[in-house]
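Subject: Structure handover

Hello, here is the structure I promised to pass on. My notes follow below it.

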Amino acid sequence: MTAETLPRKNAPSTTPAALGLGDRPAKAGPDDPAATHVRVKLDVEIRALLAHEPGTKSGADPEDLHQMRVALRRMRSVLKLSGRLVGPDAEPVRAELGWLGQSLGDVRDYDVLIGHLRDVVAEFEVRDQPAARRLVSKFVTERGVAKRRLTRALTSPRYASMLQGIGRLAQQPATVEADESPQTSADLVAGLAKPHRKLAKAVKALPAVPPDDDLHALRIYGKKLRYAAEMAKPAAKKKQAERIQRLIKATKNFQTVLGDHQDACVAADRMRSVVASVDPEVAFIAGRVAEKELLRRAEVRAVWRDVWAEVDAAAQAVSPRT
């Protein structure tokens, strides 16, 4: 193989053209059927996934992995909500996205933990820095194991097959049963009522002091509402689109707040888990970190209901009957 034929170092292994997609992402407007919006969203997100694939493989910037994972999650959400509009292969493809999402999530969790841990211990005394570095290095080593698993997944035939499946869904016409009318763009906007109801029901069911896992589940419900709103916005008329944008902003803030809570819980649990396997100096640092994370957890718990109220109000403005 000559130098001229060697692949570029940062080139994705698969291109949109190889998946049967056009040079640029397709577009859809309020007058297009709902299925067109679904295909367009898949088109946009698979391009985003491919664009961040080289950086994810190289590991040079953790943001590439994060954005690749976001694109994957958006596609999973679209297929969960409206996959039937693009044919019977939607659910198998969604399952494959879940397979890859697990590997991406494992590495992303370490990236978040390591980055936050470095920020926290940087404020500790100079005499504690050697032990702090040993604590961080323990998680860096574990992250390396998870990253190697991810690299194997991204170079596997299963991954290549998954990409082809998404490409087919992004370009094929909607499948409509003989006794059904195709969904319209307005149906996508009206469809926001369902994820909002699920989120509201989950909030209402919580006790005064919710378990950590229940707050994490709320974040997932909120994320689904946000992704549904992102898909519905191009299908809406101008004024409705403005209301949906406010909902997107509110749900994004909701995700951020509850994400901080989840990160604090995970970090505290990780600190507990290492105490028995490290030397006393490192165990001392882990204890200090855990104390800070539990304080961060308490701070979030004091404000999350106010953030939820903003989401609820924005969703009510979009669909008053929800």
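Gln255 sits in helix H9 (residues 238-274). Helices are DSSP runs of H or I, at least four residues long, numbered from the N terminus. Gln255 is buried, at 7% relative accessibility. Buried means under 20% relative accessible area, exposed over 50%, and partly exposed in between (1.4 Å probe, protein chains only). Beyond its neighbours within four places in sequence, Gln255 contacts Arg219, Lys223 and Arg226. Contact means heavy atoms within 4.5 Å.

A note on the basis: this is a predicted model, where local features need pLDDT of at least 70, side-chain atom pairs count only at pLDDT 80 or more, and totals for chains, interfaces and linings use all residues. Residues are numbered from 1 along each chain as its sequence is written, and side-chain values use heavy atoms, leaving out hydrogens and water.

Now the salt bridges. The structure holds 17. Each is a side-chain nitrogen of Lys or Arg within 4 Å of a carboxyl oxygen of Asp or Glu.

- Lys41 pairs with Glu45 at 3.0 Å, N to O. Both lie in helix H1 (residues 34-58), 4 residues apart, about one turn. Lys41 is buried at 14%, and Glu45 is buried at 5%.
- Lys57 pairs with Glu53 at 3.1 Å, N to O. Lys57 is partly exposed at 26%, while Glu53 is buried at 1%.
- Arg297 pairs with Asp212 at 2.9 Å, N to O. Arg297 is in helix H10 (residues 280-301) and Asp212 in helix H8 (residues 212-232), so the pair ties together parts 85 residues apart in sequence.

Salt bridges with shared partners also join Arg74, Arg226 and Glu230 into one network.

Best wishes

How values were computed:
Helix = DSSP H or I, 4+ residues; strand = E, 2+ residues; numbered from the N terminus.
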